[in-house]
Amino acid sequence: MTDYGAELLKRQLNELAKNPIDLVSVGLTDDSNIYDWEILIMGPDGTLYEGGFFKARLVFPPDFPNMPPTMTFLSPMWHPNVYEDGKVCISILHPPGEDAMNAQESAEERWRPILGVEAILMSVISMLNDPNDESPANIDAAKQWRGDREAFKKRVRQCVRKSQEEC
Amino acid sequence: MSSDEYNASDEEYEYEYTDDEDQDVTMTTTHNDEGEEEEDSKPPASDEKKSGSNKRMSSGSARENPQGAPVGVFDFGDGSSIRMLPASELKPIMANQIKEVVDVLDIPPSAASILMREHKWAKERLFQAFFDNPDKVQEKCGVKARCSGSSSIGGADKVAKTSGKNRATRSSSKRKHCEICMDDDGFESDEMICMPCGHEFCELCWYGFISNALEKGPLCVRESCPQAGCNELVTEEEVKQAAPDLLPKFESYQLRSFVETYGMTRWCPGAGCEQVAVARGATADGGGIAHCEKCTTSFCLKCGEEPHAPVTCRDLTLWQDKCRNESETANWILANTKPCPKCHRRIEKNQGCNHMTCSGCKFEFCWICMGDWTQHGANTGGYYKCNKYDPNSADDNDQSDAARARRELDRYLHYYKRYHGHSEAQEFAKKSLKETEARMVALQEQNVDSTWTDVEFLKTANEQLVQCRQVLKYTYAFAFYLQDNEKRQRFEFHQEMLEKFTENLTELSEKPLHEMNRTEVVNQTRVVDKFMANILKYVDDGMED
């Protein structure tokens, strides 16, 4: 099964090289490992993240595409749906099946083998556009997003500047 | 087993299980099922089939519900309430349930199985919901497409035709495209497997998808279509096509789910045991104790715990939750060893009796209250007084929250300590039950002309002890939740008697073999059994005098 997942990832990587998604560039962290991708996401215009160059890592499990990859921001990130260690928490990246502990998320919103890297990246960009504070990963960020938008903006701008410096 | 009243019911069960008439009913039902299963592959609802099932209804059992569905499957016909079956024997029962739904609703068996599961195998509830709003039920349970087509291929065609654009290429001779692996070469039609919802993927992707789903365990029976946003469920039909080698595993998960959601069945909790307890009558909620002959486990049918009379399932859960939450505190206070009250040497209790003698200073004391054992004599009027919680011993006058909390903790610890003590003693008794046979052999050799029956009293006594410890253990959980003071006092009287005689019997049966007094042990066993029956009856009778 390993070859099968690798084959699929190669195909998706080529496809994204040929027809890139707006605001995103993809590559491998280490050319010998197709399961570990490095992503650069540009903050979408008109959002708080505008102007930022956010680096992230997308790590695929051996049983991809039946299980989803994990995505972690390497650049500093302040967002309700991103843990403080950079791990992205959105429903599409959650393993398929019901979760008794999480009523907000139906099985249909979760990972399905039909989905690919493109779908994930689109979801991440839409997450930057529109944070979901219903089930936050970073509670402090979510609180600030809800209660003190100015402070939230300031903190995000810091992240944007840092990401620019690091680039 | 030694007791009379307590075991009378055991014998009753055993007798009833082997009842000939009972066997007949089961055999007939099973046989019919097999006969009809072969017909299952044909489209349902032919006239011939209907008459077939009618025949079975009338021959299977005299009892029929108004809708004409047989209730005979679990009618043991002999008044017994619980029986144990190997899991494999439940397959025909499950198949039979599914078949009835197939007949009534005219849907494929794979969909019927899901609908029943989602309605906890309550046929009437399903029928009612289904006739009320079939679309809603099918949609909710993820079988909508499956129910609207007569077979998976037909269903696929239907959707392909109606859903237009994406599927336009399907009907052409062009090679098909798998959206999971996006293989550039595409696939022939026979290399693709299609869900009733019209979503099709290549064989290789399907295999990976299904084996991955099965690795997730029991939840695999709720796996939905690989397509994002599609809630049509994957069934044995797809597994059969895509991964026939994994079908037995999938079916075993289906059966497992049946046993777990069907109201009248419960897995034997014995480690690795594949037996299932099946209740007669309404539901397993009716309670009762199941005895598994295979692994000799006894358990409560309602909650699956070991038999826990006199405490109710509900209070038992509360109690266990409480014990779990407070176990840190309790464990800290109840370390495995206790210091001798006199010389403070740490003492480990490695036998069941509460009458301790310190090996250092020879001081005799009670393990429960750590008081002088001589104080436990009848002459002081305080024989085994340590089973009673005396709130007056705590400081009652202090009404501060802290003091109240401490009193409540004291009250809990009082019961927990004793619950825990008997629980440990029960384990000791179980352990020594295993060693009893060796003791019996030794005892027989000691007296030249004694027979095996002459030494069997040792085993009987030991089994009695295991039971008594179990009941005693739960009397403390029961008493913890007993609000009524007067009732509690009377209950504690019964408890005290049982406890006292259980300690006596423990001590007698643990004596060195050359001091063993058969008559004494036999008598004590009988007496203890009487007290055990008394306390259980007292609770059963609603604790009225």
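How are H16(B) and H18(B) oriented to each other, roughly parallel or roughly antiparallel? That was what I wanted to know when I opened this predicted model.

**Entry 1: H16 and H18 of chain B**

I looked up the two axes. Helix H16 of chain B covers residues 457–480, and its axis comes within 10 Å of that of H18(B), with a crossing at roughly 30 degrees. Angles under 35 degrees count as roughly parallel, so H16(B) and H18(B) are roughly parallel to each other. I noted the hand too: H16(B) passes H18(B) in a left-handed crossing.

Next I listed who takes part. From H16(B) the contact uses Phe457(B), Thr460(B), Ala461(B), Gln464(B), Gln467(B), Cys468(B), Val471(B) and Thr475(B). H18(B) answers with Arg518(B), Val521(B), Val522(B), Thr525(B), Val528(B), Asp529(B), Met532(B), Ile535(B) and Leu536(B). Sorted by class, the contact of H16(B) with H18(B) holds 10 nonpolar, 5 polar and 2 charged residues.

**Entry 2: H17 and H18 of chain B**

I stayed with H18 and turned to another partner. Helix H17 (residues 485–510) and helix H18 (residues 518–540) of chain B have axes that come within 9 Å and cross at roughly 155 degrees. Because angles over 145 count as roughly antiparallel, H17(B) is roughly antiparallel to H18(B). This crossing of H17(B) and H18(B) is left-handed.

I went through the contact list as well. On H17(B) I found His494(B), Gln495(B), Met497(B), Leu498(B), Phe501(B), Thr502(B), Asn504(B), Leu505(B), Leu508(B) and Ser509(B). They meet residues of H18(B) including Glu520(B), Gln524(B), Val527(B), Phe531(B), Asn534(B) and Tyr538(B). The class tally for H17(B) with H18(B) is 12 nonpolar, 8 polar and 1 charged.

I then checked for names that turn up in both lists. Val521(B), Thr525(B), Val528(B), Met532(B) and Ile535(B) of H18(B) meet H17(B), and these residues also belong to the contact with H16(B).

**Entry 3: H4 and H6 of chain B**

Which hand does the crossing of H4(B) and H6(B) have, left or right? I looked, and H4(B) passes H6(B) in a right-handed crossing. The axes of helix H4 (residues 90–105) and helix H6 (residues 123–132) of chain B come within 11 Å and cross at roughly 25 degrees. That makes H4(B) roughly parallel to H6(B).

For the contact I wrote down Glu100(B), Val101(B), Val104(B) and Leu105(B) in H4(B), which meet Lys123(B), Leu126(B), Phe127(B) and Phe130(B) in H6(B). The residues divide into 6 nonpolar, no polar and 2 charged.

**Entry 4: H10 of chain B**

I looked up the span of helix H10 (residues 203–215) of chain B. Its 13 residues reach 18 Å from first C-alpha to last, close to the 18 Å expected at 1.5 Å a residue. The buried residues of H10(B) are Cys205(B), Trp206(B), Gly208(B), Phe209(B), Ile210(B), Asn212(B) and Ala213(B). Just after this helix I found Gly217(B) with a positive phi of about 90 degrees.

**Entry 5: two loop residues of chain A**

I picked Asn138(A), in the loop between helix H2 (117–129) and helix H3 (139–147) of chain A. Is Asn138(A) buried or exposed? I found 21 other C-beta atoms within 10 Å, so Asn138(A) is buried. Setting aside neighbours within four places in sequence, Asn138(A) is in contact with His79(A), Pro80(A), Val82(A), Tyr83(A) and Glu84(A).

Pro76(A) came next, in the loop between strand S4 (70–73) and H2 of chain A. With 18 other C-beta atoms within 10 Å, Pro76(A) is partly exposed. Not counting residues up to four places away, Pro76(A) touches Cys159(A), Lys162(A) and Ser163(A). Pro76(A) and Val156(A) are 80 residues apart in sequence, and 9.1 Å apart C-alpha to C-alpha.

**Entry 6: whole chains**

I ended with the overall tallies. Chain A has 4 helices and 4 strands, in the order α-β-β-β-β-α-α-α along the sequence. Of its 167 residues, 34% are buried. Chain B has 18 helices and 11 strands, and 32% of its 545 residues are buried.

How many residues does each chain give to the contact? I read 16 from chain A and 18 from chain B. The side of chain A that touches chain B has 9 nonpolar, 2 polar and 5 charged residues.

How values were computed
Residues numbered from 1 in each chain as written. Chains lettered and ligands numbered in written order. Predicted model: local features only at pLDDT ≥ 70, side-chain atom pairs only at ≥ 80, totals over all residues. Expected span 1.5 Å × (residues − 1). Buried ≥ 20, exposed ≤ 12 C-beta atoms within 10 Å, placed from the backbone. Axes fitted to C-alpha atoms, helices over the stretch in contact; angles between N-to-C directions. Parallel < 35°, antiparallel > 145°, perpendicular 65-115°, else oblique. Left-handed = near helix turned anticlockwise from the far one by under 90°. Contact = placed C-beta atoms within 7 Å. Nonpolar A, V, L, I, M, F, W, Y, C, P; charged D, E, K, R; others polar.
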